[in-house]
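Please view the structure before reading on.

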Amino acid sequence: MPNPKDAVRKVLDAVKADKRTSLTAPEGKLVCDAYGIPVPKEGVAKSAAEAAKLAGDMGFPVVMKIVSPDILHKTEAGGVIIGVKSATEAEKSYDTILANAKKYKADAKIEGIQVQQMLAGGTEVIVGSITDGSFGKLVAFGLGGVLVEVLKDITFRLAPATKADALSMLDGIQAHDMLKGVRGGDAVNRDALADVIVKVSTLVSDFPEIVELDLNPVFATKKDAIAADVRIVVDFDYKPRPAPRPTEEIVAAMNRIMQPKGVAVIGASAEDGKIGNSVMKNLINGGYKGEIYPIHPKAADILGYKAYKSVKDVPGVIDTAVFAIPAKFVAGALIECGEKKIPGAVLIPSGFAEAGAPELQAEIVEIGKKYNVRLMGPNIYGFYYTPANLCATFCTAYDVKGSAALSSQSGGIGMAIIGFSRSAKMGVSAIVGLGNKSDIDEDDLLAFFEQDPNTNLIAQHCEDLKDGRAFAEAAKRVSKKKPVIVLKAGRTSAGAKAAASHTGALAGNDKIYEDVLKQSGVIRARSLRQLLEFARGVPVLPTPKGENILIITGAGGSGVLLSDSVVDNGLSLMAMPPDLDAAFRKFIPPFGAAGNPVDITGGEPPITYVNTVKLGLSDERIHALILGYWHTIVTPPMVFARNMVEVKKEMEAKGFVKPIVASLAGDVEVEEAAEYLYQNGIPSYAYSTELPVEVLGAKYKWARGAGLL
């Protein structure tokens with residue numbers, strides 16, 4: 001058995017020698033044969049008689065196509081005839097195609113006419129691959145034929161893909177029901193299709209120079225999946241991204257940067273209103289207990305701390321240097337940090353790549369590499385790490401300790417994170433600005449927070465991922481232990497460059513992010529508010545033990561909207577067993593609606609909420625509760641809130657721990673009640689039936705992805 005790689009290498013070498021960027025159909029067939037990707041029987045005829053003989057041998061009907069490196073779009077050139085049913089027809093078609101090709105491009109190099117077994121029936125799908133600037137090799141799957149470009153119903157995974165990834169792709173398109181057979185049609189052979197996806201993903205991973213590949217259409221039947229047409233585009237200059245640093249190395253540096261024993265402030269100032277002054281004050285007033293070294297060319301001391309001309313003059317160890325000097329002076333000071341062996345530089349100054357000065361940024365990146373100094377920024381607000389009381393930033397000091405770590409690419413979003421966290425009394429372990437991401441990026445933070453005992457959730461805002469593949473691999477690992485939430489900005493940009501293949505043209509940039517983030521176990525936030533609410537709410541909720549969700553509501557209207565939200569967030573309303581229905585009916589008035597939602601109606605006293613919620617928490621078949629409270633004179637908001645917290649505590653003491661979220665409808669007093677519930681472990685929202693269910697949905701997404709359900 002010859003090595004499949006050798007067979008493909010031989011074909012690609014010939015293409016390279018010809019200085020071509022794409023393979024001919026016969027070359028494509030050789031590549032597919034080598035990797036066991038099923039393609040129809042075929043051959044190339046150099047004469048009309050040979051075409052008739054080839055067709056007769058493989059069995060009619062056949063398809064005939066022009067073979068020419070100069071004609072990429074064969075149909076446009078009149079170079080394709082389908083459904084050829086006899087030897088006479090084959091001879092006639094040979095002459096017609098030849099004449100059409102000459103008319104389309106007189107000087108086209110023609111290598112013959114391809115005769116191909118015609119595939120009948122089945123569902124037409126597309127399997128392809130593209131090369132993305134951030135994620136590298138991706139494999140794609142969607143419905144084929146003409147519809148594919150209209151509906152853009154396609155799904156992506158990182159290559160190489162596993163069999164499980166491939167099977168998830170079959171369910172990952174909107175038209176997945178088509179594959180199950182509609183109107184008496186046969187279902188496709190899922191294993192055969194998944195097999196094709198896996199083989200394509202292996203092929204493109206083995207040969208980085210294959211930058212685009214299209215199998216379109218693939219005819220999927222109940223028996224097999226055969227690719228009718230193969231298109232392969234190559235770029236022999238393509239260089240995959242270098243492998244990221246080893247995780248141990250990242251963590252060693254990040255531990256020193258985030259938990260420093262000594263911090264230098266380069267550009268420290270005694271003058272109010274200067275950035276170097278704010279940084280000094282935040283370090284001091286934030287309660288940081290390590291050494292603080294102001295660096296200033298002339299001052300003897302700043303804010304009571306001895307000042308030094310250069311970091312090299314400091315006798316002690318410095319782990320983090322915070323830069324508060326103009327961009328043009330950064331490189332010089334960074335070299336001194338390198339000579340002092342400081343592991344991390346926090347670059348607050350702007351005026352680099354974001355301001356049309358990429359050469360200044362390239363220079364500091366080179367210095368960082370040469371001296372092994374990790375760079376955070378430039379163009380950032382700095383960072384907070386609350387377990388060390390560290391506010392290495394010019395923003396306001398922040399001291400509410402908790403276990404959520406947040407990062408943002410933008411300073412404005414960073415300020416929003418600080419403001420929301422303060423307002424919601426949400427504890428954080430860290431808030432980090434990444435700015436231009438000249439070096440340290442989201443995957444470095446994931447590696448640090450993964451092993452940080454003070455962090456149990458990571459939420460990140462990003463506009464792009466510098467190395468999407470490295471991020472995806474880190475997220476896949478980390479999300480098994482801690483929820484990772486991402487707000488990807490720029491969802492709607494035209495993003496993807498015009499590409500030569502169908503798959504490429506369909507690869508709206510956002511679809512790739514959507515699918516790869518999902519493949520990596522990441523929870524995607526759709527808005528800034530959602531990112532913040534998930535960061536606050538997901539750690540509060542216990543992990544559910546199953547999928548059954550029950551709604552208990554005092555307002556029928558809330559119940560309907562909450563039910564909609566349950567479906568929107570991929571959650572399942574529990575089908576109510578008769579015995580449980582009867583048990584709930586004991587507590588609700590005869591005109592209340594049984595089933596799920598349990599509608600206790602508005603006029604009920606607090607005890608009805610207490611009894612139904614107790615029952616909901618004690619029955620093992622129910623895994624999570626959504627409460628819809630309605631403000632009434634009989635059950636005022638704070639009475640409801642205190643009762644619910646009491647019931648939750650009482651049931652927890654008996655071992656019944658379940659996620660509970662609440663939606664409160666009513667006058668302004670419901671705001672205080674929602675806040676009280678939240679502070680006591682029940683994520684609650686006044687005036688919203690969507691937010692509480694979205695938070696619960698995020699917890700479920702994480703639990704499923706981490707294999708806990």
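Two strands are said to pair if DSSP finds at least two bridges between them. The model discussed here is a predicted one.

## The open antiparallel sheet

Four strands make up an open sheet with antiparallel pairing, and their order is β1-β4-β2-β3. At the edges stand β1 (42–45) and β3 (80–84), each of which pairs on one side only. On average, neighbouring strands of this sheet are turned by 25 degrees against each other, direction ignored.

Within this sheet, strand β2 (residues 62–67) runs antiparallel to β3 and is joined to β3 by three bridges. Opposite M64 stands I81 in β3. Helix α2 (residues 25–34) lies across β1, β2 and β4 (112–117), and α2 runs at about 150 degrees to β1.

Which strands are joined to β15 by four bridges? One is strand β11 (residues 262–266), which runs parallel to β15 and is linked to it by four bridges. Here A264 stands opposite A321 in β15. Strand β16 (residues 344–347) is likewise parallel to β15, with four bridges between them. The bridge partner of T320 in β16 is G344. From β15, the chain passes through helix α10 (residues 327–339) to β16 in a right-handed β-α-β crossover.

## The enclosed strand β25

Is strand β25 (residues 548–553) largely enclosed or largely open? Five of its six residues are buried, so β25 is largely enclosed by the rest of the structure.

Strands of a sheet pair through backbone hydrogen bonds, in either a parallel or an antiparallel sense. With strand β28 (residues 624–630), β25 pairs in the parallel sense over five bridges. T553 has G628 as its bridge partner in β28. Strand β27 (residues 598–599) also runs parallel to β25, to which two bridges join it. In this pairing, I552 stands opposite V598 in β27.

Parallel pairing over two bridges also links β25 with strand β26 (residues 572–573). N548 stands opposite S572 in β26. Between β25 and β26, the chain crosses through helix α18 (residues 556–568), and this β-α-β crossover is right-handed.

Terms used:
Residues are numbered from 1 along each chain as its sequence is written. This is a predicted model: local features need pLDDT of at least 70, side-chain atom pairs count only at pLDDT 80 or more; totals for chains, interfaces and linings use all residues. Side-chain values use heavy atoms; hydrogens and water are left out. Axes are lines fitted to C-alpha atoms, for helices over the stretch in contact, and angles run from 0 to 180 degrees between N-to-C directions. Contact means heavy atoms within 4.5 Å. Buried means under 20% relative accessible area, exposed over 50%, partly exposed in between (1.4 Å probe, protein chains only). A crossover is right-handed if, with the strands pointing away from the viewer, the path from the first strand over the helix to the second runs clockwise.
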